[in-house]
Number of protein chains: 2
Amino acid sequence: QPWENMARVPPLLTDLYQFTMAYAYWRAGRHDEHAVFDLFFRDNPFGGGFSLFAGVHDCLLFLRSFRFADEDVEFLRSVMPPDTDPAFFQFLRCLDCSGVTLHSVPEGTVVFARVPLMEVAGPLAVVQLLETSLLCLVNYASLVCTNAARFRLAAGPKRKLLEMGLRRAQGPDGGLTASRYTHIGGFDLTSNVQAGFLFGIPVAGTMAHSYVTSFTSLEEVWPQTLSAVNGEHNPVDIISLTKGWLSRVCDLLGAEPGKIHEGELAAFLSYAIAYPQNFLPVIDSYSVGCSGILNFCAVALVLCELGYRPVGVRLDSGDLCKQSLDVHRVFRLCSEQFSIPAFDSLIIVGTNNISEESLAETFPCHVVGVGTHLVTCTKQPSLGCVYKLVEVRGRPRMKVSEDPEKSTVPGRKAVYRLIDPEGHPFLDVVCLAVESPPEAGLPLSCYPLGCNHTALSVTPARVTCLRQEVFSKGQVRMGRSLKH
Amino acid sequence: QPWENMARVPPLLTDLYQFTMAYAYWRAGRHDEHAVFDLFFRDNPFGGGFSLFAGVHDCLLFLRSFRFADEDVEFLRSVMPPDTDPAFFQFLRCLDCSGVTLHSVPEGTVVFARVPLMEVAGPLAVVQLLETSLLCLVNYASLVCTNAARFRLAAGPKRKLLEMGLRRAQGPDGGLTASRYTHIGGFDLTSNVQAGFLFGIPVAGTMAHSYVTSFTSLEEVWPQTLSAVNGEHNPVDIISLTKGWLSRVCDLLGAEPGKIHEGELAAFLSYAIAYPQNFLPVIDSYSVGCSGILNFCAVALVLCELGYRPVGVRLDSGDLCKQSLDVHRVFRLCSEQFSIPAFDSLIIVGTNNISEESLAETFPCHVVGVGTHLVTCTKQPSLGCVYKLVEVRGRPRMKVSEDPEKSTVPGRKAVYRLIDPEGHPFLDVVCLAVESPPEAGLPLSCYPLGCNHTALSVTPARVTCLRQEVFSKGQVRMGRSLKH
């Protein structure tokens, strides 16, 4: 898989203080002490009630390849304080993740705030060095995956969702990450070709306004003929055929032929000749009602006459709800008037700065394309996953902050997901790893978060471990986790 | 330079529709028509009055290496409509940017809304294919560079600004892009080591809370001795020396020794032994006033006694303004009481979720670290640069939208920056490329944007071209533009 061969996350992609701390541990002889970090977030993003945890796959690739090259170490030598003992750089040169064990919830799992989603255990200096890179790999991935899931919930299960945010992402790789994790979060398609190449996500797209505005007149259409789909007849003169259909459409809709842009018609025709089976133009370059929809219908009717199936239209501005209802009406009129049933199955793609809220208004669209609000997560552009030390040499560790929200829960933990008799998960339980696990059919006393220390008794029908060991002894465990 | 050797932006990192459009142009024999696109944005971000344009360097690297490999073309063959003529893929295989000319404002220039910042001219199919990648490369770079400049303006010219947003960026490369362009925008330092490695940005950082909480008692400090900086005397027992200073500091400040965390003192001491010349601990792991500042002063006084210069402290929670004023007061007291002038030049680093607004409240901090709000640009997480066709075969092209704001200005343009007699730029003028340029000392009649077609007469003392030719005939022009 091409993605796995790309050395994506270099071990220097971290904060400098990880190295100065590692040095201080090493200098005090503490670097090999066994330490455990919990990774979790304190609040669900977007004011919501859940998150999808993502980025696990990338973390595994990172751990697997975590090793310092000579040039990395030389660079560190040049930026760390000059009194750093040179033997430390030798130590770094030999580091890898063979002593690290990662337990994680699986990629794309629905998770909740304050539950330790990953547990990273291993030599103190190494697991400290991993902090920033792991946070960087899961924070945005989980955020954008969760955002995508919220768009999916708002869109309902049937409509297709297209991610098209590359140009608004944080650079090339931000765009790739967005394409990848919005797909896991429930998007069907991406416009990003490289994401299709690397991750096998289905890609989609037909034309932009620039294509339409690049045409001026029908003289630019070439070739000016098209054969029927069955190839039985000679190529027909498509210009005159289209003009005939256009005038019939104008009559049907009571439209003024003088307002129709000839350049737009030329663009549509030219595209239809290139892709007679994939005709889906953007119809709002000038005016949907006075030009775009008329030109579309004329060309689509020509295609139907020749046995092809036009696909539909894209709307990219204005009131998508009103416009798509209007467009539906025109399609139905044409279908009835000209007895062209193919017009009943034309689709509408809507793509105008759509947010989770405005998605509801696009209900007449079959496909919705989302860019900016999806990839930048406008409503909350960051997720605050943190990485907190909870145990060193078997002794629990805690940060006692003056802000009680920021105090950490000490000790090594286990996380169980309780399932009810209908098979639905109903509670995630965090307890100490040394406590005995909840048992199916037995009542369990637990303290729900935020319920002021009031105990609750629940009886699970089934108990599952939420986290799995996904990396140990330098190897990725459970190959399935890498299949995304 | 390592960065330039990384094949960063593959030509597939674009929207699929660029390829379907390119095919339709090719099929109609229009692919080599000379076309011109303008790149600009419609509104300054963050409700502000200016932007910094950035990402030019990356665009040049992209253009220089723009070429399809066999595997790229094979992938495209698999995702483009099946009726695509196979000869098109041959055509793609041979494409490059040798026919493309890019005019751009220089990296990091102050620019304004609706001014064409880049002009991309060349064969229609090629310049169309470049759209998404160029937008992706300049949108976030310009946004985060502008955001950094706003933080710089809020911080004033003297204080140091540290970028530390890697863990909240859009994945690894989002973090690198942020580090790089916030440096151009006015940040002095980054925590991101890889950004130091690739771009030569100064890196900074010392320790996190996990380092502090990993210590429990003074027994974990090792070695327990330190030599004086001049090495004249034998190593001294640093534990008992510190205990002595700690009790004097407690007396001075009227503090309760019982509230002091021994683990924190051990962490500070251990770090100071490792880096006696770079002692800058984070002092809010437990309580700044009851523990952190006391432990800091004790260790820093030991270092001073041995001839070292402690650097300062970091505050990472609570009211940074109040706390840093308190810390300043303690430093001054120690300096006076113990006659240690080095305590007057200790610095305070503040790093608690700082925004452009809250930056003003951190005025007593010498260094301010900014993460989330800087790299995610919380106030406006995307910049809407667009790429609009303005000329084909020498004929101006225009998109006439029903939304007048979205209509484009047709034709090839020139952009001049007018300078007043004091040497200050005072107006950017956009005119058609065929018009004669403004002349120094001669009055010029122009129409300011948003002034309802009222002409204004101005007389520049000097006239400069805002854009330069930075790429042509497959080569980067003006090597200076690549020096960032």
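1. Chain A has a radius of gyration of 29 Å, whereas a compact globule of 484 residues would have one near 23 Å. The radius is taken over C-alpha atoms, and the globule rule is 2.2 Å times the number of residues to the power 0.38. Along its principal axes, the C-alpha trace of chain A spans about 85 × 60 × 45 Å.

2. A word on the basis. This is a predicted model, in which local features need pLDDT of at least 70, side-chain atom pairs count only at pLDDT 80 or more, and totals for chains, interfaces and linings use all residues; side-chain values use heavy atoms, with hydrogens and water left out. Residues are numbered from 1 along each chain as its sequence is written, while chains are lettered from A and ligands numbered from 1 in the order in which they are written.

3. Chain A holds 15 helices and 21 strands. Helices (H or I, at least four residues) and strands (E, at least two) are DSSP runs, numbered from the N terminus. Of the 484 residues in chain A, 61% are buried. Buried means under 20% relative accessible area, exposed over 50%, and partly exposed in between, with a 1.4 Å probe and protein chains only. Take contacts in chain A between residues at least 6 apart in sequence: 72% of them join residues at least 24 apart. A contact means heavy atoms within 4.5 Å.

4. How are the two chains related? Chain A superposes on chain B by a rotation of 180° with 0.0 Å of shift along its axis, at an RMSD of 0.0 Å. The two copies are thus related as by a two-fold rotation axis.

5. UniProt, in an unreviewed entry, lists residues 12-139 of chain A as "domain: Nicotinate phosphoribosyltransferase N-terminal". UniProt positions are given in the numbering used here, feature names are shortened, and annotations may be inferred rather than shown by experiment. Residues 12-139 of chain A are 43% helix and 18% strand, and their end C-alpha atoms are 18 Å apart.

6. Helix α3 (residues 56-65) of chain A has 8 of its 10 residues buried, so it is largely enclosed by the rest of the structure. The buried residues of α3(A) include H57(A), D58(A), C59(A) and F62(A).

7. Strand β12 of chain A is worth a look. V367(A) and G369(A) point one way from β12(A), V368(A) and V370(A) point the other way, and all are buried. In a regular strand the side chains alternate between the two faces of the sheet. Strand β6 (residues 160-163) of chain A runs parallel to β12(A), joined by 4 bridges. Two strands pair if DSSP finds at least two bridges between them. L161(A) has V368(A) as its bridge partner in β12(A). β11(A) also pairs with β12(A) in the parallel sense, over 2 bridges. There, V349(A) has V367(A) as its bridge partner.

8. For residues 412-477 of chain A, UniProt gives "domain: Nicotinate phosphoribosyltransferase C-terminal", again from an unreviewed entry. This span is 0% helix and 48% strand. Its end C-alpha atoms lie 21 Å apart.

9. Chain B has an open sheet of 3 strands in the order β16-β15-β19, with antiparallel pairing. Strands β16 (425-432) and β19 (462-465) of chain B stand at the edges, each with a single partner strand, so one side of each is left without a neighbour in the sheet. β15 (residues 413-419) of chain B pairs with β19(B) over 4 bridges in the antiparallel sense. L418(B) has V463(B) as its bridge partner in β19(B).

10. Which peptide bonds are cis? One is the bond from W222(A) to P223(A), with omega near -10°. Another is the bond from W222(B) to P223(B), with omega near -5°. P223(A) lies in the loop between α10 (209-213) and β8 (225-226) of chain A. Most residues other than glycine have a negative phi, and most peptide bonds are trans.

11. Two residues other than glycine have a positive phi: N353(A), near 55°, and R393(B), near 45°. N353(A) sits in the loop between β11 (347-350) and β12 (367-370) of chain A, and counts as exposed at 52% relative accessibility. R393(B) sits in the loop between β13 (386-392) and β14 (395-396) of chain B. R393(B) is partly exposed, with a relative accessible area of 43%.

Methods. Copies are superposed by least squares on the C-alpha atoms of residues with pLDDT of at least 70 in both.
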